[in-house]
Amino acid sequence: MSTPLDAIGFPTRGLAPGMVAARLAEWVRWPMDRGTAMEIERGGRKLRIHTLECGGGARLVTVVELKKRFFLPGEEIVCFFPAFGGGAERELQLDDVVTADCPLEPFGISAFPDRLRFRIGNPFSAMIAAGTRVAASLALLSGRVETAPEGTRPLILASQWASQDPELPPDLFTVAGRVEAVSDFTNPATGELCRRFRIAAPTGSVDAIVRARDAGAPAIGDMAIAEGEFVADLRPVA
């Protein structure tokens, strides 16, 4: 299961592993076949960035490296990821920038005002380094958003600590707080209805994005709890 893709309307939940692989192979091609493209030079590599807008601020990105030597393939897909822009913005101190499997897919680490690990959704338009203070358009691509009891404590916390389960992946976060706004958008590529909950967390609002059929029924003014992975578009703060 790929929670971030589910959240923006590319459902994988409940599919057999072979079906998930087939869907991913199809979706990797969609930004190339249906989206827009720009070319950049990064670290001596010539890249073509394909972006498919998916409504409501959601997008898919497929990155292709353009090979210069004739004995190599003319192009090679080097990464593919979901992103989200236009979420609730907050200022963060960027303590570190790390990469997982691909140097073109950076993650930001912030310790203030929240201890967060988040995918940088715009790595090709913002050259961001550790030690930079940034404005982060932050969103939680969620696998679930549910109504919480009135006595629930507002929080932003890694799920492994919130649930006291160290087996949970470090990218998974839990957010709890009062719902400030609810809105819907439809992913035009798949027809899936998605829902955005703006949740008042202790250090600022967080937008939780979830496929509508995976959402509970929190209304404005209710306490809600969401779990998922953070993504943020960044810009440096002077």
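Colleague: Which ring does R117 lie over?
Modeller: This is a predicted model, where local features need pLDDT of at least 70, side-chain atom pairs count only at pLDDT 80 or more, and totals for chains, interfaces and linings use all residues. Residues are numbered from 1 along each chain as its sequence is written, and side-chain values use heavy atoms, with hydrogens and water left out. A charge sits over a ring if NZ of Lys or CZ of Arg is within 6 Å of the ring centre and within 35 degrees of the ring normal. At 4.4 Å from the ring centre, R117 lies over the face of F107.

Colleague: And R34, which ring has its charged end over it?
Modeller: W30 belongs to one aromatic cluster with F10 and W27; rings of Phe, Tyr and Trp (its six-membered ring) pair if their centres lie within 6.5 Å, and planes under 30 degrees apart count as stacked, over 60 as edge-to-face and the rest as tilted. The charged end of R34 is 3.9 Å from the centre of the ring of W30.

Colleague: Is R90 buried or exposed?
Modeller: Buried means under 20% relative accessible area, exposed over 50%, and partly exposed in between (1.4 Å probe, protein chains only). R90 has a relative accessible area of 6%, so R90 is buried.

Colleague: Which backbone oxygen lies 2.8 Å from a polar atom of the R90 side chain?
Modeller: The R90 side chain also gets to the backbone oxygen of S205, at 3.1 Å. The one at 2.8 Å belongs to G204.

How values were computed
Polar contact = N/O pair within 3.5 Å; in protein donor to acceptor, adjacent residues only side chain to side chain.
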